[in-house]
Structures are given as C-alpha cells and as structure tokens.
Amino acid sequence: MEIVQKKLTILKKIPSEPHSAIKSANYFDDLTVIAVTRRVFSRQTHRLTPCGKDAFSLELITRGVVKLHLDRMSVTLQAPVVFWIGDRFRNFRFEYLDDGTPYEHCWIDFSGVRGRRIYDALCAFSDNCAVSLTAGNSVEELFGELLNKFHMDKEIYHSDIVLGIEKIVHQLYWYGALRTPQAVDDPHRILEAAELFRKNPLESFDIAALAANRELSLMHFRALFKEKLGAPVGEYLTMLRMQNAATMLEANRMRISEIAEICGFGALSSFSRTFRRYYQISPRRYQNKIQETGGAADLPSTLLPAPGENANI
C-alpha cells in the first residue's frame, strides 16, 4: 500500500499538459527570447544604434537591398539574406539602398548563455556576419513559424522558439556554407558551379565539362573549388545529397534502396556507410526514430565529415 501511495504522489507531480512540462524544464532557460518582429521599411536610413552587451539579434531580409554598417565595416545585403548583430561591435546602422523596392525585415532579439554560444559560432562561421540564401530556402519559413509562435504565446512556445532558432543556425551551416555576401574575386565562376550543385544536388554532373567550360583543366578546377568552398567537389556534392536523403527518409514514402539510387549510390551498403559517416546514425535507425517520435530525429550539425566514400558525380 505504501508503494502504491508513493507512485500516486509521483504521478500528481507530473503536469497534465505537455507544454507545461516543457515550460517548467530548465533545459531551454539558457536562452531568453526578447522579441520576434517583422516590419516593412521604405526609403529609410536607421540611426546609429549601440550594440548591447550580451544582447544578440538574428535577422532576415526577405525583400530589398540595404547596407549594414558595423563600426567601420560595411556589407551590402540583398534579399534573401540572414545576418546577425552582437557585442563584437560597438554600433550598427542600416542604410537603405533605393532600388524602388521597400525592404522587408524580420528579426529575433535574444540573450543568455545559449545566445552567446550561437552568436560566437555564427561570427566564427562568417567574418561578414551574414549569409546569403537561395530562393525557396527553408530559413524564411522557420522565421515565419517563430514569429507566429512568439505572438501566440511566447511562454508556452518558448522551447519551440529556442529549438527553431537552433534550426535556423543549422540551416545556415548546411545551405549557406561559405555564401557570404561580399565582393568575391571569382573569374573562373567556381561559386556559380557550386550554386548549380546546390540547386540540382541529385543530378549527375560532368565535372570535366564544367571545367572545360571555364577554360580550366579538371585538376585546376578541382583545386580552385576546394580552395573557395572548403571541400572537394565530390565531398561537397555528397554533403548536399545526404541532406536530401535525410529529407526523403523523413517523408517515409520510398524504400531506402530507392533513396540510395536517387542520391547516386550504386549499392545500398555504400549509401548506408556514407549516411552514417555524416550523421552518426544509419538510414534505417534514422527512419525508425522518426516513426517513434513522430518528427525528425536530431542530427548533428557537422558540415563535412572525414574523407570517405562519395556518391557518383
């Protein structure tokens, strides 16, 4: 009887509402979300604004062109682009570049220990404090979801908002890798080739033809690509295909063998080894975790793995 009574006492302490349980957990308390805001600006230059100590902002421009001034550094931001502001600089200011289009701006202000970690990681990722996006990116959708949840009930949805910010950072690492908005010396159009890969990651590419089109030998093209993108061509393509493989596994509409073939792998065993090399989990286990949890399994945000097998390119 005493054991039963103890069990009943424990059950009484468990919140009946799932969001209440998440809200009471302190795992997410290391990030304070101060504001999530969206505005449309027209022909306006912002005043010089001081960067607050331990205060950070992750910002998205979905339309228009502006120039961001951070102390003596200036960078032109053309939508869609994500940038961040924090206390590595003393002041910031936006300058509206009138191309006839108002600029649409969404931002998330936050602080806390996790906020510091996010800001420092992003600054290490890009010296220009910004990453350009491609059309159809998922980052804009994530910003929209956070905006809605913050204004519906920022307390109840606090954990969702924190995880949403982490997802945005994850997407910036995966999809915006080394696509910082700056004047780039790229006479051989290497970044153009990388953009072609990003837009069509599942296609089979003739790398020799791409090199010849740029009046480069295959060896020279590969060397320039690795220099500018930080990864060999094959590894870069495989990274993009693994992203798509994870998405297809989440959809759970195809056999793993079919996904392997679509991603350019002739053998399922080769695909499985490569997926595990990127995500530290097998495709089957990843799919099972999704079914068990009813959502996407957590994946590490490592950008590139150690050298290994690549899909056919």
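The structure holds 13 salt bridges, a salt bridge being a side-chain nitrogen of Lys or Arg within 4 Å of a carboxyl oxygen of Asp or Glu. The model is predicted: local features need pLDDT of at least 70, side-chain atom pairs count only at pLDDT 80 or more, and totals for chains, interfaces and linings use all residues. Residues are numbered from 1 along each chain as its sequence is written, and side-chain values use heavy atoms, with hydrogens and water left out.

**View 1. Asp30 and Arg114 form a salt bridge.** The closest N and O atoms of this pair are 2.9 Å apart. Helices (H or I, at least four residues) and strands (E, at least two) are DSSP runs, numbered from the N terminus. Arg114 is buried at 4% relative accessible area, whereas Asp30 is partly exposed at 24%. Buried means under 20% relative accessible area, exposed over 50%, and partly exposed in between (1.4 Å probe, protein chains only).

**View 2. Arg116 pairs with Asp87 in a salt bridge.** The N to O distance is 2.6 Å. This pair links distant parts of the chain, 29 residues apart, with Arg116 in helix α3 and Asp87 in the loop between β6 (81–85) and β7 (91–96). Arg116 is partly exposed, with a relative accessible area of 22%, while Asp87 is buried at 19%.

**View 3. Arg116 also forms a salt bridge with Asp120.** Here the closest N and O atoms are 3.5 Å apart. Both residues lie in helix α3, four residues apart, about one turn of the helix. Asp120 is partly exposed, with a relative accessible area of 26%. Through shared partners, salt bridges join Asp54, Asp87, Arg88, Arg116 and Asp120 into one network.

**View 4. Helix α11 comprises residues 268–279.** Its twelve residues should span 16 Å at 1.5 Å a residue, and the end C-alpha atoms are 16 Å apart, which agrees; the expected span is 1.5 Å times one less than the number of residues. Ser270, Phe271, Thr274, Phe275, Tyr278 and Tyr279 are buried in α11. Seen down the helix axis, the buried residues of α11 fall within an arc of 145°, so they line one face of the helix. The arc is that of the directions from the helix axis to the C-beta atoms. Just after α11, Gln280 takes a positive phi of about 55°.
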